[in-house]
Amino acid sequence: MATETLTLGKALNIGLRKALENDPKVVIMGEDVGKLGGVFRITDGLQKDFGDQRVIDTPLAESGIIGTAVGLAIRGYRPICEIQFDGFVYPAYDQIVSQVAKMHYRSGGKLRIPLVIRIPFGGGIGAVEHHSESPEAYFAHTAGLKVVSCASPQDAYVMIQQAIASDDPIVFLEPKRRYWEKGPVDLDAPLSEAYPLHAARIARAGTDATLLAYGPMVRTCLDAATAAAEDGRNLEVIDLRTLSPLDLGVVYESVRRTGRAVVVHEAPSNVGLGAEIAARVTEECFYSLESPVLRVTGFDTPYPAARVEEEYLPDLDRVLDAVDRTFGW
Amino acid sequence: MAKGDPGAPARGRRAAPRSRKATTGDPELVQLLTPSGERIESVTGPDGTEYRVDFTDEEYRGLYRDLVLVRKLDAEATALQRQGELGLWASLLGQEAAQVGSGRALRAQDMAFPTYREHGVLYCRGIDPIMPLGLFRGVDQGGWDPNEFKFNMYTIVIGAQTLHATGYAMGVAMDGKTGTDDGEAVIAYFGDGATSQGDVNEAFVWASVFNAPLVFFCQNNQYAISEPLERQTRVPLYRRAAGFGFPGVRVDGNDVLATYAVARHALDNARQGQGPSLIEAYTYRMGAHTTSDDPTRYRIASEVEAWQAKDPIARMKVFLEREQLADADFFADVDEQARREALDLRERVLAMPNPAPVTMFDHVYPNGSPLLDEQRAQFTKYFDSFEGSAH
């Protein structure tokens with residue numbers, strides 16, 4: 001197969017298929033993941049090929065999905081739970097935060113709960129309420145969970161398999177508005193040699209300022225960097241990839257070079273990932289900074305009606321406006 | 001007293017005097033040993049199932065011994081809390097029969113998912129009774145290996161464990177471990193308050209549609225801290241099962257024989273592939289919700305006295321005496337064993353060391369975390385900067 005051009009959604013689908021093939025204890029469970037293949041078709045064709053005991057259409061109850069997955073994990077299974085939309089994860093919040101996250105700790109390491117909780121997150125698809133949210137801070141704030149997000153088809157393909165192979169419980173955030181974006185995917189590269197799951201990566205090298213993003217905002221920042229280049233500014237873009245734990249070594253190194261950092265995410269700014277990143281970059285790079293670390297985020301409103309979401313979501317212009325401000329300090 | 005001892009009955013198995021239909025009044029319940037110690041040979045439950053037990057004399061005595069030991073250890077834990085040695089204790093006083101009956105009904109391969117009050121089931125599973133005291137003393141989070149003893153960790157979030165039990169039971173079925181007499185079954189413990197939780201109702205739905213080999217074992221002890229059963233339900237709890245599509249039965253939870261019979265039947269049905277069922281063990285929380293609670297604020301003494309007359313241990317003792325299954329030496333021996341085990345428990349609790357502070361960083365993740373490594377190192381450096389500090 002070698003390298004193919006795939007959508008991010010298809011890359012996830014093939015990654016899930018590989019995981020099902022490689023380990024008989026891997027099961028997929030969620031609402032409409034079977035015959036329908038999921039509302040975004042990420043599990044398309046998997047139940048047909050692996051059967052309804054491996055790809056399980058569940059009752060419509062999110063706490064039940066996660067809670068029964070915990071029991072399956074204690075039994076020795078490796079469940080992949082699909083939460084249909086970001087805004088529907090909250091009924092499962094107690095099971096995720098109080099059970100999934102804490103079981104290894106409470107058992108003194110005797111129980112492992114190798115769950116992957118897949119959540120399509122973020123906005124930009126013109127959806128009704130509860131379908132466009134960015135809940136990552138809730139999970140990143142919880143000890144015992146790890147949180148990652150993919151931004152490209154290649155990463156989607158690799159990271160989903162790495163997450164499934166990990167014994168840590170992982171919230172896997174999928175940038176739903178990027179499901180249909182295409183990119184090259186090397187389907188044959190061995191997982192053991194892949195870039196690590198919990199590591200940030202420079203998506204575009206630059207010298208003048210550092211943009212920090214994950215998930216859907218990586219594309220936005222790359223576009224902003226392209227536009228800035230036309231104005232003579234060479235921006236570095238870092239795809240954070242892992243939101244908990246954050247991998248900021250590469251970020252510190254970058255900011256020490258550029259002296260300027262802008263964090264970009266769709267989630268509201270108040271007590272968000274950007275705040276944590278800004279605090280830590282400030283602690284580590286204080287004498288290198290030419291300006292404060294700035295944030296470009298969604299606003300501290302509920303996610304707005306779809307017809308105004310373009311104004312709510314960070315876009316190329318808002319990112320470049322923040323970059324300009326770092327230079328005006 | 002072993003079989004063949006002087007004074008032991010000639011027969012190993014005893015025929016009880018009569019049989020009857022279960023009463024259909026309120027509460028409708030399966031009972032094989034009345035509060036006055038009268039033995040009922042068999043009872044037909046609401047769905048036509050005939051419940052009976054066929055124990056040897058030794059087994060009857062063994063159940064009595066379990067009940068007494070479990071109560072004594074529980075009382076010792078309450079005393080330890082009162083003396084400041086435990087932060088909290090959730091007493092099982094009054095619920096010994098429900099726990100010993102169901103705990104002894106489990107076969108070795110069966111898996112149990114407890115709340116935080118199942119000290120009696122824990123004892124029946126062969127776990128050192130000191131284990132939960134670590135949790136309540138605050139030196140660990142409960143130390144046993146759930147898979148070794150087939151008894152999961154205590155769960156404090158009300159009802160959450162019923163979903164874990166359901167998923168585990170689904171896994172049993174997926175592993176092909178049902179459908180035979182030696183198949184595996186799972187039991188989920190919860191209380192009357194938990195039946196209002198979404199998780200419990202979701203567990204009912206899931207267990208039903210996936211035909212999970214699971215017994216929902218509800219100890220209806222009449223109170224969720226201060227709130228009486230009437231605040232949770234308008235119908236008898238066992239009848240809720242019908243709406244979810246599986247059998248439900250109410251058993252006298254203060255009757256260890258009936259509880260055993262009902263639980264064994266439900267577990268065997270589950271292991272044979274006949275799916276889930278609900279048991280409502282009708283009992284009473286004789287003590288406080290926990291040592292932090294004051295039940296005199298919400299219930300009257302006469303109610304407690306009425307349940308005192310239904311004590312699970314007293315009726316068993318009357319039965320053993322009346323049927324000459326045990327003599328004074330036996331009862332003295334049980335009491336002495338209870339005294340010794342309680343003393344041993346006390347001594348070991350007092351000797352439990354506080355954990356080293358840095359251990360708080362252990363076991364957060366199977367694969368670790370660089371953030372935690374950094375925090376651990378910073379904490380260690382800070383902690384060690386104090387004179388005389390040591391890990």
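Predicted model: local features only at pLDDT ≥ 70, side-chain atom pairs only at ≥ 80, totals over all residues.
Two residues count as in contact here if their C-beta atoms, placed from the backbone, lie within 7 Å.

I start with one residue in chain B, B:N254. It sits in the loop that joins strand 9 (248-252) to helix 9 (256-271) of chain B. Is B:N254 buried or exposed? It is buried, because 29 other C-beta atoms lie within 10 Å and the cut-off for buried is 20 or more. Setting aside neighbours within four places in sequence, its contacts are B:A97, B:T283, B:K310, B:D311 and B:P312. B:P366, on the other hand, is 112 residues from B:N254 in sequence and 42 Å away in space, C-alpha to C-alpha.

Staying in chain B for a moment, take B:A188. Not counting residues up to four places away in sequence, B:A188 touches B:F113, B:Q161, B:T162, B:A165, B:A203, B:L214, B:F216 and B:F217. B:A188 also belongs to the largest nonpolar core, which has 200 residues. The members that touch the most others in that core are A:L211, A:L212, A:C221, A:V262, B:A188, B:V215 and B:I279.

Now chain A as a whole. Its secondary structure comes to twelve helices and 14 strands. The C-alpha atoms fill a box of roughly 60 × 45 × 45 Å along the principal axes. A compact globule of 329 residues would have a radius of gyration near 20 Å, and chain A, at 19 Å, agrees with that. Of those 329 residues, 57% are buried. Among contacts in chain A with a separation of 6 or more, 80% are between residues 24 or more positions apart.

Helix 1 of chain A covers residues 8-22. Buried residues in helix 1 include A:L8, A:L12, A:G15, A:L16, A:A19 and A:L20. An α-helix has 3.6 residues a turn, so residues three or four places apart point the same way.

Next, the domains. Chain A is assigned domain 1 (3-193) and domain 2 (201-327), with C-alpha centres 26 Å apart. Their contact takes 25 residues from domain 1 and 21 residues from domain 2. On the domain 1 side, helix 6 (136-140), strand 6 (146-149) and strand 7 (170-175) each give two or more residues. That side has eleven nonpolar, seven polar and seven charged residues.

Then the contact between the chains. Chain A and chain B each put in 34 residues. On the chain A side, the elements giving two or more residues are helix 3 (62-75), helix 4 (93-100) and helix 5 (103-106). Helix 3 gives the most, with ten residues. By class, the chain A side divides into eleven nonpolar, 16 polar and seven charged.

Last, some backbone geometry. Most residues other than glycine have a negative phi, and most peptide bonds are trans. The bond from A:S244 to A:P245 is cis, with omega near 0°; A:P245 lies in the loop between strand 12 (242-244) and helix 9 (249-258) of chain A. A:R241 has a positive phi of about 60°, and is found in the loop between strand 11 (235-239) and strand 12 of chain A. It counts as buried, with 25 C-beta neighbours inside 10 Å. A:R41 has a phi near 65°, in the loop between strand 2 (26-30) and helix 2 (46-50) of chain A. With 15 other C-beta atoms within 10 Å, A:R41 is partly exposed.

Conventions
Residues numbered from 1 in each chain as written. Chains lettered and ligands numbered in written order. Helix = DSSP H or I, 4+ residues; strand = E, 2+ residues; numbered from the N terminus. Rg over C-alpha atoms; globule rule 2.2 N^0.38 Å. Buried ≥ 20, exposed ≤ 12 C-beta atoms within 10 Å, placed from the backbone. Expected span 1.5 Å × (residues − 1). Nonpolar A, V, L, I, M, F, W, Y, C, P; charged D, E, K, R; others polar. Domains from an automatic or database assignment. Core = buried A, V, L, I, M, F, W, Y, C linked by C-beta atoms within 7 Å.
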